[in-house]
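I'm opening my notebook on this one with a few things to look up.

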2 protein chains.
Amino acid sequence: MATAASAPKRRQGRPPLVADARERILLEASKLFARSGYENSSIGDLAAAIGVTKPAIYHYFATKQDIYDAIILRTLEGLSEAVFPAVREQPAAIDKLRVFMTAHAAYLERNYWSFVAMLVGFSGMSPSYRDDAARLRDAYERLLRQILEQGAKEGVFRAGQVATSGRAVLSLLNWMARWFKPGHGSTAEQIALDYFELLSAGLCIKPDTSRGQPCR
Amino acid sequence: MATAASAPKRRQGRPPLVADARERILLEASKLFARSGYENSSIGDLAAAIGVTKPAIYHYFATKQDIYDAIILRTLEGLSEAVFPAVREQPAAIDKLRVFMTAHAAYLERNYWSFVAMLVGFSGMSPSYRDDAARLRDAYERLLRQILEQGAKEGVFRAGQVATSGRAVLSLLNWMARWFKPGHGSTAEQIALDYFELLSAGLCIKPDTSRGQPCR
């Protein structure tokens with residue numbers, strides 16, 4: 001994340017968009033990729049959606065791939081920046097898990113279009129950014145795994161559930177990008193809280209895993 | 001599902017593919033749509049993948065949209081035909097839920113490409129088929145809701161969990177289309193069974209929903 005001092009030099013030419021032009025381009029591109037798919041969206045479509053010319057876009061991004069890469073990287077970075085500190089504040093694994101899920105969902109709602117673009121997009125990232133994205137994703141999944149392992153060590157979570165429950169948590173959150181609509185019904189945070197309670201307490205009134213049957 | 005007697009008349013021209021040509025086209029189209037997306041796949045690409053000419057495809061399907069519609073409808077029909085009878089055989093809600101999840105996953109594994117094409121595809125169905133697909137999907141979701149309601153009535157499942165747990169079950173199963181690879185690691189059925197046990201018994205060793213905390 002570049003500071004003012006370390007920011008790369010502006011290219012030649014008059015900036016044809018407003019001050020937050022990069023932001024505007026990334027937001028509109030996210031909407032376009034999320035709705036129509038990466039392959040079906042052109043720089044021309046993007047320029048038309050913003051109401052500028054194609055060169056105005058090229059002033060900030062050399063290629064469509066660059067825009068896609070920027071969306072994915074900043075979405076993963078932003079997600080980590082939102083979720084890691086929130087989790088760290090909680091000492092107990094059960095609270096860490098709750099906060100992981102709700103902070104993730106709240107970030108999804110605040111960054112809805114870029115999240116959907118990331119999760120429904122067909123495009124791969126360019127090789128130079130793929131490793132950065134993979135590192136962020138791996139660290140994120142590691143955080144979740146550590147929470148689940150801590151819960152097992154604390155004797156609060158059942159043992160042997162790390163792989164399945166980690167996968168379940170991410171599946172529930174990721175699939176939200178496919179059906180959740182901001183501003184309609186519950187907030188994403190409330191939905192994540194409902195999932196958290198279901199996942200931790202279970203559906204059975206009297207769970208009984210001792211006999212290979214989940215409910216008595 | 002047309003019987004031999006009611007089957008529509010063959011169009012003029014020599015069938016240029018083998019006996020199960022329709023099947024072959026639908027399978028290869030599913031692979032193509034799943035990998036490249038509907039919009040990025042042409043009839044030309046499909047013909048090349050099968051190793052036939054474009055007219056050989058058009059002999060069976062008038063448009064790419066027709067192929068897509070056929071994939072979605074038959075996938076939803078096949079899913080229902082696999083899951084409904086399996087669920088009906090089980091009297092108890094907990095067993096119905098287990099069978100719903102495992103039969104769904106087994107069907108996903110057997111019909112991997114058409115399932116992925118259905119769940120990752122951007123394309124909508126043509127209006128004439130959209131209602132049929134919606135009916136199938138609604139009936140499927142109703143089956144799941146009935147199982148969850150039955151479990152609450154039986155006093156086995158916690159009350160007030162139908163909406164969240166129904167959504168959770170479908171999210172876990174649907175997201176599998178994004179990461180599960182047939183033939184690598186556990187079977188889809190085993191993964192669904194793990195999810196079922198987690199969802200029903202919960203992650204907490206000592207669940208305690210009475211005080212608004214999922215774990216004691």
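Leaving aside neighbours within four places in sequence, which residues is Tyr195(B) in contact with? I found Thr164(A), Ala168(A), Met101(B) and Leu172(B). Here two residues are in contact if their C-beta atoms, placed from the backbone, lie within 7 Å.

**Ground rules.** I noted that this is a predicted model, where local features need pLDDT of at least 70, side-chain atom pairs count only at pLDDT 80 or more, and totals for chains, interfaces and linings use all residues. Residues are numbered from 1 along each chain as its sequence is written, while chains are lettered from A and ligands numbered from 1 in the order in which they are written.

**Chain A, overview.** I counted nine helices and zero strands in chain A. Helices (H or I, at least four residues) and strands (E, at least two) are DSSP runs, numbered from the N terminus. Buried residues make up 38% of the 216 residues in chain A. A residue is buried if 20 or more other C-beta atoms, placed from the backbone, lie within 10 Å of its own, exposed if 12 or fewer, and partly exposed in between. Of the chain A contacts between residues at least 6 apart in sequence, 68% join residues at least 24 apart.

**Ile57(A).** I looked up this residue in helix H3 (residues 54–58) of chain A. Ile57(A) counts as buried because it has 23 C-beta neighbours inside 10 Å. Not counting residues up to four places away in sequence, Ile57(A) touches Ile25(A), Ile43(A), Leu46(A), Ala47(A) and Val52(A).

**H1 against H4.** The axes of helix H1 (residues 21–36) and helix H4 (residues 64–88) of chain A come within 10 Å and cross at roughly 95°. That makes H1(A) roughly perpendicular to H4(A). For the record, axes are lines fitted to C-alpha atoms, for helices over the stretch in contact, and angles run from 0 to 180 degrees between N-to-C directions. Angles under 35 degrees count as roughly parallel, over 145 as roughly antiparallel, 65 to 115 as roughly perpendicular and the rest as oblique. On the H1(A) side I listed Ile25(A), Leu26(A), Ala29(A), Ser30(A) and Phe33(A), which meet Ile67(A), Tyr68(A), Ala70(A) and Ile71(A) in H4(A). By class, this contact has eight nonpolar residues, one polar and no charged. Ala, Val, Leu, Ile, Met, Phe, Trp, Tyr, Cys and Pro count as nonpolar, Asp, Glu, Lys and Arg as charged, and the others, Gly among them, as polar.

**Between the chains.** Each chain gives residues to the contact: 32 from chain B and 32 from chain A. On the chain B side, the elements giving two or more residues are helix H8 (162–179) and helix H9 (188–201). That side has 17 nonpolar, eleven polar and four charged residues.

I then checked H9 (residues 188–201) of chain A against H8(B): their axes come within 10 Å and cross at roughly 85°. So H9(A) is roughly perpendicular to H8(B). Asp194(A), Tyr195(A) and Leu198(A) of H9(A) make this contact with Thr164(B), Ser165(B) and Ala168(B) of H8(B).

**Symmetry.** A rotation of 180° with 0.0 Å of shift along its axis superposes chain B on chain A, with RMSD 0.0 Å. The two copies are thus related as by a two-fold rotation axis. The superposition is by least squares on the C-alpha atoms of residues with pLDDT of at least 70 in both copies.
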